[in-house]
Amino acid sequence: MADNEKLQRLFLQHRDLLYSYIYALVREANTAEDIFQEVGVRVVSKGEALPAECDFAAWCRGIARNLVLHHWRSQRRNPVIPDSRLLDALDLAYAEAEESVEAPQPGLLALMECLRQLSEPARTVLELRYSKGQNAEAIGQRLKRSGEAIRQLLVRVRRQLAECVRTRLALDGNHEP
Amino acid sequence: MNHDRLTELLAGWEEDGLSPTEMDALADCLERDPDARAQAVQHFTFSGDIARALRSMPPETEIENRTEVASRGERPPGNRLLPRSGRLTRRVKGLIAGLTLAFVVLAVWTYWPAATPVPAAVIARLEAVQGDVYQVSGATRTLVQSGEEIRAGQGLETGDDSTAVLAFADGTRLQLGADTVLAELSDGGKQVDLVEGSILAEVTRQASGRPMRMTTPRAELRSQGTKFLVSSGPNATHLELEKGLVTLVRRDDQQAVDVEAGFYAVVASDGVPLRSRPMSPKGRTPRLSLQGRFISLAFSPDGQTLATGTNGQVDLWDPKDGGQRASHRWNAEWVHALAFSPDSATLAMGGKSSRGIRLWKVGTPQFTQMGGGGLIHRLVFSPDGQTLAVSRAQTSFQIWDAVKHQERFTLSGHAGEVVGLAFGPTNKGLISASADGAIKLWDVERGLELATVAVGTGVEKPRKAVRLLTVAFSPDGSTVAAGYYNGTIQLWNLADRSLRASLRQHAGPITSLAFAPDGKLLASGSRDRSVKLWDPATAAEEVSLLGHEDAILDVAFSPDGKTLASLGKDQKVNLWNVADATSR
């Protein structure tokens, strides 16, 4: 029987990049969260022999990718399944990120503080995009603006958030994310 | 692909708004560029973080109410990350009726700092910008030109073929090399953080007690008026002194050494003692130096000739005295690749254009042209001279019949760009290596892949995601030396795919590797401008050869193993006596 505690510990260690990987594939936060939870359940309760630690993240990504492919195929509308080249390239990107000593630190608390300081329209656009999963065109229709204007706004707001988070973490004595 | 275009594609992918062509372009970019892959991870990680943060926060009002407000355009979007203070200011104004103008100004400045930002102090000015150089401020990167000011809080990045000079008010000048990253400059300009790359510094006399401090990930330098070159990579910091004195401090343990003019020192991650050594000890200066805009070189197997490639021409030299023997003109073609046939009678050359490979009968006007198709990166003859392997900075490479001048196979199977080719002792077996760290064995008679040896992911994980840039195979075929972007050289046993050693004394990407014909020395060239000789059996560094003023492009041993040729971006080929370099 696999060591559940060790599996849980490993899963927690790799959770940030794993969630990011799943999000990069499905690009919708709620679906990403569902699949992430499902990967966690399968990994921790699988009970199979634990792979060598350096393979653990790749193993999790493999499980996640299969779940994502299943999700795409089960969509009622015409499912668009991206070319495997792009999926392979993303897998390579996350494999490299796993090897990096300078692993990204999310600074979620700092990010939440920065989000609170956004103007209402900016916060609204972010929520429509990242919480509701709407694209720029749909957001633009709702806010009576062009999709391009919304895209540019998103780029601007992301940059400002990143800078705000960096500043907050630096003031708190942490390294930048 | 530039940063902004990649951001656009990543955002388009995120919205599910990419056309098939755009999706291909994104896949191409991510496949080829590790920096693009890192940017993609950052992009999606941040998106995921935003989503998770929003989910953790209670909404201030219902989103339907907010969209109505937003669509009426009542507030400007996205540019206020500071507390709103309008009401407070109006109240202040109401309270201070009859007070002095100075008090009003003070209240405005105190409560609305964002409305009247004070520009950061100018630290330095850019001079002599060549290529793409970026000013970096937070997440924003902006192309800059000569004459622009650099302010406190701004950093600089140069591209892979770019340089720039940063000139300070006190006359200090920092010449940034290619692929160099300076972190944000501090107010006062007395501290410079070199994240990676190289700087040639001329520091004017500083005020007593206020030396200019330069830091790298591994070291700290304190100088008070001096001229030096510092190169920094993930593994090592390399310092060469031309004038004055620099105190070099290893950040791990604060051990320090004073480095004088004419000496150099290396702070490395492998724990080698920190000491200052002469740059040009007796017997370690080049015995010959050839000048010219060379970009390739090769020794003939009979040891009589050194060939160099340049724009429109190949020159043949006597390696004993540097005398020029012959030239071959190839108009409008930069000769990137050279290889002599085993009998030294034919010189194969390749360039950048679509005119393919040229086989020149050395010393005669006769030549044959074969093939086409763009940049030739590497050419290698089989031991019997009948076969020529050709790589083109792609994931596949070609096998040509060098006698019939016909292509026999295109061998595909690598996921990354092919960076090394070598024939084994027979004419059948060929080894190829690619940027993703895979080594493959091939039967070139049948055009079949025999095996894959995935080095670079074995016993020892590199400290950072790396790209394999160059390989060399030992003459007995037992060992492969792999050079990486982060300055690490790894020695792998091919038989059992085990990692034998990691060499970490270079402060820049490894550009070239070569084993001596007897296998007792390994030469490495790096963008940190140094050539190093190593004993592959003990993994010890034997010698550093410092005589180039720019990145090393290639290294090659003469067939008798007594001479090493190094080709630098400084338009020099240096020939070094290395017969006594080994300690064995």
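Modeller: Start where helix α1 of chain B begins: a side-chain oxygen of Asn2(B) comes to within 3.1 Å of the backbone nitrogen of Asp4(B). Bear in mind that this is a predicted model. The helix, α1(B), covers residues 3–14, which is twelve residues. From its first C-alpha to its last it reaches 16 Å, close to the 16 Å expected at 1.5 Å a residue. Its buried residues are Leu6(B), Thr7(B), Leu9(B), Leu10(B), Gly12(B), Trp13(B) and Glu14(B). After the helix comes Asp16(B), which has a positive phi, near 65°.

Strand β12 of chain B spans residues 226–232, and seven of its seven residues are buried, so the strand is largely enclosed by the rest of the structure. Thr226(B), Phe228(B), Val230(B) and Ser232(B) point one way from β12(B), while Lys227(B), Leu229(B) and Ser231(B) point the other way. Both sets are buried, the lysine and the serines included.

β12(B) has a partner in strand β9, residues 191–203 of chain B; the two run antiparallel and are joined by seven bridges. Within this pairing, Ser232(B) of β12(B) has Gly197(B) opposite it. Another partner of β12(B) is strand β13, residues 236–243 of chain B, again antiparallel, with six bridges. Here Lys227(B) stands opposite Lys243(B) of β13(B). The link between β12(B) and β13(B) is a hairpin through three residues.

Further along chain B is strand β31, residues 429–434. Five of its six residues are buried, so β31(B) too is largely enclosed by the rest of the structure. Strand β30, residues 418–423 of chain B, pairs with β31(B) in the antiparallel sense over five bridges. One bridge in this pairing sets Leu421(B) against Ser432(B), which lies in β31(B). The two strands make a hairpin, with five residues between them. β31(B) also pairs with strand β32, residues 438–443 of chain B, in the antiparallel sense and over five bridges. In that pairing Ile431(B) has Leu441(B) of β32(B) as its bridge partner. β31(B) and β32(B) form a hairpin as well, with three residues between the strands, and in it Gly437(B) takes a positive phi near 95°.

Next, the nonpolar cores. The largest has 77 residues, and those with the most contacts inside it are Ile22(A), Val39(A), Leu126(A) and Leu161(A). Apart from this core lies another, of 36 residues, including Ile123(B), Ala164(B), Leu194(B) and Val259(B). To return to chain A, Val39(A) touches Phe11(A), Leu18(A), Ile22(A), Cys60(A), Ile63(A), Ala64(A) and Leu67(A), leaving aside residues up to four places away in sequence.

Last, the confidence scores. Chain B averages a pLDDT of 82, and 84% of its residues score at least 70. Over residues 65–88 of chain B, however, the pLDDT is below 50, although this stretch has 50 contacts in the model beyond near neighbours in sequence. The pLDDT also stays under 50 over residues 457–465 of chain B, where the model has 21 contacts beyond four places in sequence. For the complex, the predictor gives an ipTM of 0.89 and a pTM of 0.57.

Key
Residues are numbered from 1 along each chain as its sequence is written. Chains are lettered from A and ligands numbered from 1 in the order in which they are written. This is a predicted model: local features need pLDDT of at least 70, side-chain atom pairs count only at pLDDT 80 or more; totals for chains, interfaces and linings use all residues. Side-chain values use heavy atoms; hydrogens and water are left out. A nonpolar core is a set of buried Ala, Val, Leu, Ile, Met, Phe, Trp, Tyr and Cys residues joined through side-chain atoms within 4.5 Å. Buried means under 20% relative accessible area, exposed over 50%, partly exposed in between (1.4 Å probe, protein chains only). Contact means heavy atoms within 4.5 Å. pLDDT is the predictor's confidence in each residue, from 0 to 100. Helices (H or I, at least four residues) and strands (E, at least two) are DSSP runs, numbered from the N terminus. Two strands pair if DSSP finds at least two bridges between them. The expected span of a helix is 1.5 Å times one less than its number of residues. A polar contact is a pair of N or O atoms within 3.5 Å; within protein, one must be able to donate a hydrogen and the other to accept it, and residues adjacent in sequence count only if both atoms are side-chain atoms.
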